[in-house]
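Let's walk through this model together, one question at a time.

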Amino acid sequence: AAAAALAEPASPGARSRATHPDIFATLALAPPPCPPGPAKIDSLDLTVVVYNTWMMPRFWGVLKALQRLGLAVSMNKTARSRMIPPALLAAMQDLGLVAGPDDFPDVVVLCEAFCELATTRIKAGLKRIFGLMFETPV
């Protein structure tokens with residue numbers, strides 16, 4: 001029945017199908033088998049760490065003025081950017097979340113990472129310590 005339907009073209013583009021109705025009827029009735037996929041996964045453990053870096057940028061000295069007034073703005077970004085990766089590892093070890101390289105987080109989300117230079121240092125440290133290979137800048 002499928003071969004008969006294909007033999008009568010419904011549109012000019014279908015005329016090529018009418019010349020080879022057996023091939024298209026076979027494909028329409030029995031598509032080629034898909035290659036076997038991965039084994040079914042019952043569960044997946046994914047470790048996500050979210051860390052607020054508090055790396056706010058300077059806006060033409062405005063933040064410097066706010067710092068002098070005692071308002072909470074990012075300070076000592078260079079020193080903090082170097083300390084965050086090892087401190088994050090130490091905190092995870094203290095909490096018992098990391099026993100070895102297999103326990104390192106799969107994803108690290110950096111919040112308030114607006115200072116490009118400091119954030120670059122943090123990312124380099126995280127890649128070195130945790131072996132993270134990829135990043136998605138947002």
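Q: Leaving aside neighbours within four places in sequence, which residues is S81 in contact with?

A: A word on the source: this is a predicted model, in which local features need pLDDT of at least 70, side-chain atom pairs count only at pLDDT 80 or more, and totals for chains, interfaces and linings use all residues. Residues are numbered from 1 along each chain as its sequence is written, and side-chain values use heavy atoms, with hydrogens and water left out. S81 sits in helix α5 (residues 77–94), where helices (H or I, at least four residues) and strands (E, at least two) are DSSP runs numbered from the N terminus. Taking contact as heavy atoms within 4.5 Å, the partners of S81 are M55, A118, R121 and I122.

Q: Is S81 buried or exposed?

A: Buried means under 20% relative accessible area, exposed over 50%, and partly exposed in between (1.4 Å probe, protein chains only). The relative accessible area of S81 is 0%, so S81 is buried.

Q: How far apart in sequence are the parts that the pair of F104 and F130 ties together?

A: Rings of Phe, Tyr and Trp (its six-membered ring) pair if their centres lie within 6.5 Å; planes under 30 degrees apart count as stacked, over 60 as edge-to-face and the rest as tilted. By this rule there is 1 aromatic pair: F104 and F130 are edge-to-face, 5.2 Å centre to centre with 80 degrees between the planes. F104 lies in the loop between α5 and β2 (107–113) and F130 in helix α6 (residues 116–130), so the parts tied together are 26 residues apart in sequence.

Q: What is the relative accessible area of M56?

A: M56 is found in the loop between β1 and α4 (62–68). M56 and M75 are 19 residues apart in sequence and 8.6 Å apart in space, C-alpha to C-alpha. M56 is partly exposed, and its relative accessible area is 28%.
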